[in-house]
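Please look through the model before reading the points below, which are meant as a colleague's notes.

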Amino acid sequence: MTPPSTPISAELSVWRMLLRAQVQISRRLQADLLADHDLPLGSYDVLTHLGEAPGGRLRMNDLADRVLLSRSGLTRLVDRLQREGLVVRQSCTSDARGLYAVLTPAGRRRLEEATPTYRRGVREYLMSRLDEDDLGPLAAILRKLLDEPPAAAARAPRARHHEAAVTA
């Protein structure tokens, strides 16, 4: 008999399918964004979150949480985006240690140019493969998965490092 803490074969199979689907869709989106806009998916994600934020700016810590990167991973990515003129950093007046990432006009234009490609990819690689009856249950399942159990919150700093390695 399998111990309760050991995932059974069917559970591992579902887990692996979930990982493969996410990676496969992300790779396809990345390929489209690179081919059409010379923009990696991670950069598009940062620009999107900044574009949705009031004033086009977010504290670096908040942005790292939203894009699922470690602080150092986000710093390197923002460095690249800053060299390309797509974002700038601004100091936080209320906290000398705090920094904001701010979307530049060039960054907003690049985001607006790339968004139709991204949305087309999401439709083609995900939504076109689901029918209307799939969407509600899938959303409910994903909501359950996004609810962070109390034990996971205590492990968050360690998990975030692994998360960054997986998404890189």
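1. Contact here means that heavy atoms lie within 4.5 Å. Leaving aside its neighbours within four places in sequence, Thr104 is in contact with Gly85, Leu86, Val87 and Val88. The loop that holds Thr104 runs between strand 3 (95-103) and helix 5 (105-125), where helices (H or I, at least four residues) and strands (E, at least two) are DSSP runs numbered from the N terminus.

2. This is a predicted model, in which local features need pLDDT of at least 70 and side-chain atom pairs count only at pLDDT 80 or more, while totals for chains, interfaces and linings use all residues. Residues are numbered from 1 along each chain as its sequence is written, and side-chain values use heavy atoms, with hydrogens and water left out.

3. Thr104 has a relative accessible area of 12%, and is therefore buried (buried means under 20%, exposed over 50%, and partly exposed in between, with a 1.4 Å probe and protein chains only). In helix 5, the buried residues include Gly107, Arg110, Leu111 and Ala114.

4. Helix 5 also has a kink of about 35° at Ala114, shortly before the proline Pro116; the bend is the angle between axes fitted to the seven residues ending there and the seven starting there.

5. The structure holds one aromatic pair. The rings of Tyr44 and Tyr118 have their centres 4.5 Å apart and their planes at 25°, so they are stacked (rings of Phe, Tyr and Trp, the last by its six-membered ring, pair if their centres lie within 6.5 Å, and planes under 30 degrees apart count as stacked, over 60 as edge-to-face and the rest as tilted). Because Tyr44 lies in helix 2 (residues 41-52) and Tyr118 in helix 5, the pair ties together parts that are 74 residues apart in sequence.
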